[in-house]
Amino acid sequence: MFIDRAKIYIKAGNGGNGCTSFYTEKYVPNGGPDGGDGGDGGNVIISVGENIASLSEYRFGKHYKAENGANGSGKNRHGANGADLVLKVPRGTVVRDADSLAIIADLFHADDSVTVLYGGKGGKGNARFKSSRRQAPGFSQQGEPTKEHSVVLELKTIADVGLVGFPNAGKSTLLSVLTRANPKIASYPFTTLSPNLGVCMGDDFSFTIADIPGLIEGASEGAGLGHQFLRHVDRTRILIHVIDAASFDGRDPIQDYYTVNDELVKYNPDLALVPQVIALNKTECADKKKIDEFISTVDGNIIQISCVTHAGIKELIYAVKEKLSTLPPQGPIEFEPFVYPDADPNAFTVRRSDDGAFVIEGELIERLARTVVLEDRDSFTYFQRRLDDSGVTKALRRAGIKNGDTVRMLDTEFTYEE
């Protein structure tokens, strides 16, 4: 099944925990701290993969996690870094933050890759906390945890030419005539259920063509199938607008032309600037009066063709070739990349809970919690000094704390004393 949009949840690896350890060896009674650091967690990377045409791999798998860093160990052994998670997507995939829909990356080129999330840093072992005043620190630091984020993957087909038009106008047949593609062709509406790609080859030129499933009135608002695939015309340099001149189903070719153009502009006003070549199809069995009426009414580069007899096909190919030669090459979307922000390591807040306790929250407290072992005297002393140095103590005083009041941080409570 062709899937061109998927929402997935990604999470970088957590950092490994630092180790609390002391060097021990026979005849060495006073070995110092030798706890090693934890390894860094793996990153989440999204990159273009070879021979991938859709996002179907992500239809069922929704949660993707990079490997956590390994814990440190004694003898100053550093934990292994977690392996990166590399997600392969088709060329042309746009990666968005699911909440804001801001663009993280446009993977336009065949070798494009983006690191969306970075792994957590490994915690420091107790050997890192040794100092002239603290010879035997009995604590280490836990690894940095990471948060899960959701992203949207959107495939925008990269093709020089897009075929647009009402269902059964003959787009799939025209694609098979212009290229070696073998799309499904039938006489009922919405035969084409996903974009088809082909390459038109000449003696000294070639261009790629995308057949976009038929548009109907209201497609830009969700009617029919076209709204699912309109994003695939965003990158095209030129549009071949296929019109059913025979009108076997009773539609008016002129009205079809204006309806499809109206839907394109409603979806993206910039598509009004994309050049069009109008392929008036099925002329071998169309009423000449209707053909003349269309040509006299519609202003544009109109070429009469027949996919059955191949009349006008060469003329259409060279008209597209000449137009493409005057247009700039395709390029990625211009955007300001969205980056998931790093939390401020010194941020904290002080608030009063309903039971009167002073609650301290924020990134500073979460990071301290990974380092502090309250049962260890050295660790608790370090903890108190960090609270003073970070301004937490002053903030508590400004909030009106008094001796004997309860202070709560995460799952820990203690009594405040000056």
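This is a predicted model: local features need pLDDT of at least 70, side-chain atom pairs count only at pLDDT 80 or more; totals for chains, interfaces and linings use all residues.
In the hairpin formed by β17 and β18, where 2 residues lie between the strands, Leu-410 adopts a positive phi near 55 degrees.

- Strand β17, covering residues 406-409, pairs with strand β18, covering residues 412-415, in the antiparallel sense, and the pairing runs over 4 bridges.
- Within this pairing, Val-407 is the residue that stands opposite Phe-414 of β18.

**The largest pocket**

- Two elements, β7 (113-117) and α6 (363-369), each give two or more residues to the lining of the largest pocket, and β7 gives the most, with 4 residues.
- Sorted by class, the lining of the largest pocket comprises 13 nonpolar residues, 8 charged residues and 5 polar residues.

**The second largest pocket**

- The second largest pocket holds about 420 Å³ of space, and its lining is made up of 17 residues, with Asp-234, Arg-235, Thr-236, Val-274 and Gly-331 lying nearest its centre.
- By class, the lining residues of the second largest pocket divide into 8 that are nonpolar, 5 that are charged and 4 that are polar.

Key
Residues are numbered from 1 along each chain as its sequence is written. Side-chain values use heavy atoms; hydrogens and water are left out. Two strands pair if DSSP finds at least two bridges between them. Ala, Val, Leu, Ile, Met, Phe, Trp, Tyr, Cys and Pro count as nonpolar, Asp, Glu, Lys and Arg as charged, and the others, Gly among them, as polar. On a 1 Å grid over the protein atoms alone, a cavity is a set of points where a 1.4 Å probe fits but cannot get out, and a pocket is an open set with protein on both sides within 12 Å along at least five of seven lines; lining residues have an atom within 4 Å of a point. Grid points are joined across faces, edges and corners, and a volume is the space filled by probe spheres set on the points.
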